[in-house]
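Dear colleague,

Please find the structure below, followed by a summary of what was found in it.

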Amino acid sequence: MKTTISPSLHDGVLQGTFGDVSRDVVQRTSTIGGLYKKVLGASFALTGVGVVGFLLIAFTGSDDRSQWGYLAAMVGYLLTTALAAPMVSIACRSVRANWGKPLARVAELYAITGLGVLLAYVPLVVALPALYPNSDAPRESLRHTIWVFWHPHAPHIYDSLALLTLVITGIALLLISSIPDMADFGAKATGKRASIAARLSKSWRGTQKQWKARRAAIGLLSGLYFMGFLTLHYQYSSDFAMSLVPGWKDSIFPVWHALSGLQCACATVMVTMYALRRWGGYTAYFGVNQFWSLGKIMLALSLLWFYFWFMGFFTFWYGRIPAEMAVLEFLFTEQYRILFLVAFILNFLAPLLILVWNKVRRSTGGPALAALLILIGALVDRIRIYVGSWSIEDSFGHSLKEMPPAQLPTIPDAMVIVGGIGLVLMIYMIVAKVIPIISMWETKEQLLYVSHRSLLKKKYMLIGKPD
Amino acid sequence: MIPWLNKIRENVMVKKQVLALFDDAAKAADANEAVMKEGVKPGDIEIMTGCPYPEGAFGEHDKPHRVYRFPFIGALLGFSMAMLITAGTQLSWPLITGGKPILSLPPMVIIAYEGTLLGAVLFTIVGVLFESRLPRVGLGLYDDRITEGYIGLLLNVTEDNDFAIKKLLQKHGAQELKEEG
């Protein structure tokens, strides 16, 4: 891949013509470099490891539900990271943030990984216990869920529907937003990938009506994705964690879960952006401005992470109700204490201490490091929540009768964890070679509205907003 | 002449398409204004660009779209389906617990929300495909240079005004003219 590129970044402003952007991005999308092959190969291998791990658990494990704890954690982690990432492009577009234009596709491309999440979710929904095992006498043993007394498989059906809705919305958003770029790639490049792109964007001509209809659809789907994102976090955290632990009734937890998703969305995009800039050669598109701006949002979300966690924790701790104290003991202060402390440091303290310094925030490495720590912290935290919840044998009752010890990962568990990450990486990398990873039409739009202007002795950036 | 007869006459007149390519957006805007003054109707002009320009930037007439109607219809259908499913399942499995009504509203709200969302999403997709007329069988007149910053002015012209319009477009700086039909 070439290192000196046109267009280029000059004082934070992208310099070049529409043609420069088109040629550069099309060339990068059609080229398959050595590093790309290696990383894709590694992601294939990791996915393979994950599949083997899954098969080992499915066919050689016990009938115990706890064996799926790490898979539940992995799915929870992917909902928090990969499926949350499109929220960054949605937020940037909705507030017309100019700095967010080059990274919009980086964020929304993660929507396609929802197909992998759907696959990994299937065994979990099979393993999830019914609301009540005896349908003739549901009150005898009932899990406390958001579904009150409904048919015993209400969570299974409606949680699946929620995930499916989010995945469909995300993919629709991705495809509709990338039609012009796929058309450009399909017309200028050759080969199988270009022909797929051309077929997906068939008959796109860029008429004013097409742009207008597309823009309206992006706005609508963005709003619907946000709604679906919140619903899914509410349902998944309630049904696959809270309702499995007797006595855990916390209205703040699903909100905190979704908020953690927003923090991880920024972190996921930040790390991807750093990798693309550092190793992919996309230096013209991702400047300090992008890292700085996203870093500020990430800092605010890290502070909110603490605020929401503390509000949930404090209510339980202050109330001193035995059933709730048992939950605190199990998930925070005893069995999973170490995991909680690691998550607390990596999701709150470390990003705060890194991003509080403007000089560090105004770099590419500083925010990327904070983002990486957040992603590691979130994984640890999801393991704490879901492995802990799935290790409870008796989910029917009003309080925890006995607390199982912290469940350490077995080799198949570890394989499932790395496999999940590998699967997302693999899908993302494959699709990024059909749908250009840089939103060309938005980058071109940026060229229309951003320029340098002198004021006395200094130049400053002039940004136009069309509406 | 009687208006409706005039309309029929216009429709039966042989029309062809002309695509004018401009390397400068300002020239394209001027040309668009000029052809409208020459009598070409707004419905016979399409402006093609490589990125979205603000509405009215080329002096074009605002062409309304109906994308926003689709999600409302979808949401209404999704909501109705969800209510039908939730009420249906609860009534066919009537469990009276703690004196609560059979139709328990809190979980019904969640499903109604999900159904509404899914209906709106699916109909939005249909809406954008319909309004963008995608996929079309043929691309029609087009030039790849539009993605590189050229502006395409696509006009439906008749045999009567064909020559005059092309001359006008060239006068306003059209780099190239393509014809079809």
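Chain B contains five helices and four strands, where helices (H or I, at least four residues) and strands (E, at least two) are DSSP runs numbered from the N terminus. Their order from the N terminus is α-β-α-β-α-α-β-α-β.

This is a predicted model, in which local features need pLDDT of at least 70 and side-chain atom pairs count only at pLDDT 80 or more, while totals for chains, interfaces and linings use all residues. Residues are numbered from 1 along each chain as its sequence is written, chains are lettered from A and ligands numbered from 1 in the order in which they are written, and side-chain values use heavy atoms, with hydrogens and water left out.

The mean pLDDT of chain B (the predictor's confidence in each residue, from 0 to 100) is 84, and 86% of the residues score at least 70.

An automatic or database domain assignment divides chain B into domain 1 (14–51 + 149–180) and domain 2 (69–131). Their C-alpha centres lie 49 Å apart.

Over all chains there are 24 salt bridges, each a side-chain nitrogen of Lys or Arg within 4 Å of a carboxyl oxygen of Asp or Glu. In one of them, Arg145(B) pairs with Glu176(B), with the closest N and O atoms 2.4 Å apart. Arg145(B) lies in the loop between α4 (105–131) and β3 (151–158) of chain B, and Glu176(B) in strand β4 (residues 176–180), 31 residues apart. A network of salt bridges links Asp20(A), Arg23(A), Asp184(A), Lys188(A), Lys444(A) and Glu148(B).

With kind regards
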